[in-house]
Amino acid sequence: MVRFDRLRPSGPRQQRAWLVIGLVLLVLALAVPLGLKVLQPSGSGDESAPMPASGGLTEPQGSRDLAPLTPDTAGGSSGSGSSSDGAVPGAVASSVGTKLARTAWLGIKVDDVAVAGARVRAIAEAAGGQILSESIVTAPDPTGSLGSVTEGGGMPKEDIVPPVGMNEARITLGVPADRLDQVLADLSSARVGTVSYRSSQAENVTEAYVDTQARLQPAKESIARVRALMVKATTLDQIVLLEGELARRQADLDSLEQRLAELERRTSTSTVSVTLWTDSTASPEPEENGFVQSLRKAWGAFLDSVMVVVTGLAVLLPWLLLALVVAWFVRRWLRHRSRGASSATD
């Protein structure tokens, strides 16, 4: 039978050992929540800050205080300002028509990946398109040059070239939107291979296109009004104020023009992602098996826990030092008191 009375501290040394163990556990119990609190992201930021309204093309606040410098005295531009505020995008939409951003995906089983890839490139070039990205694997690469090239730019390898297996190819084409149907028909023909899957989607961006285009002219007129006010400015404060407003409105105009150019690109050029494979296509070998991955995850979790404890101890360190100093003085005082009591009894 186990005698539990042996586990009780029977001597001064055992009492000290149990006391030290208890103090260590207490410190760890305090360090863990403190470390978690310090390492946990606070989530506070500037997200709650009010954002300016889209467009933001309003009259400068300071110009309202400049009585002689108003849009009415700057060349009769008030009429254009009122017409821009009441612009109706519907009139622009009727002249623009429907704007669609189309994307397609094709999966083709072929006999030879290299030959089929050359035919895909020829079809894209015949339609006036171009190759946006290409990854063809017909043999193992013992040098590992692909990884060094793709990772050299600071981006993950899988974000640049999707992982492909042996005898597999992935090609991304950019073709004119009005030739997309013909390109898909040519890629689906028997001279390339057997189509395993084919899908496409179209995003209607007419509203965004019309809205952006309708805001360009008012933005340009607003810049012209500010420049007219700058001609009539008489003080340095007025000039500085108007220059800052002009820079802000010019940045808004540049943003609108870039957005319109991007919409033009998406609606004028369609993207086609083509995947080619053969009967001998092999999936890429995993770099690590499940056991190694489990060990790596366990080691990462251990390091995270150590970081939590170390961070908590760093937070508690000043208080621990203060507690040690106080304990030292208390111990000395108790010893001095006990010696005084023993000498008095003698």
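How many helices and strands does the secondary structure of the protein come to? The count is 11 helices and five strands; these are DSSP runs (helices H or I, at least four residues; strands E, at least two), numbered from the N terminus. This is a predicted model, in which local features need pLDDT of at least 70, side-chain atom pairs count only at pLDDT 80 or more, and totals for chains, interfaces and linings use all residues. Residues are numbered from 1 along each chain as its sequence is written, and side-chain values use heavy atoms, with hydrogens and water left out.

**View 1. Ser270 in strand β5.** Strand β5 spans residues 269–282 and contains Ser270. Ser270 is buried, at a relative accessible area of 1% (buried: under 20%, 1.4 Å probe, protein chains only). Beyond residues up to four places away in sequence, Ser270 touches Arg102, Leu173, Gly174, Val175, Ala177 and Leu180 (contact: heavy atoms within 4.5 Å).

**View 2. The largest nonpolar core.** This core has 22 residues (buried Ala, Val, Leu, Ile, Met, Phe, Trp, Tyr and Cys joined through side-chain atoms within 4.5 Å). Val120, Leu173, Leu187, Val272, Val274 and Leu276 touch the most other members. Two or more residues each come from β1 (100–109), α5 (113–126), β3 (166–176), α8 (180–187) and β5. Helix α5 gives the largest share, five residues.

**View 3. Contacts of Leu173.** Setting aside neighbours within four places in sequence, Leu173 contacts Val120, Ala124, Gln130, Ile131, Leu132, Leu187, Ser270, Thr271, Val272 and Val274.

**View 4. A second core.** A separate core holds 14 residues, among them Val205, Tyr209, Leu216 and Ala219.

Key: Buried means under 20% relative accessible area, exposed over 50%, partly exposed in between (1.4 Å probe, protein chains only).
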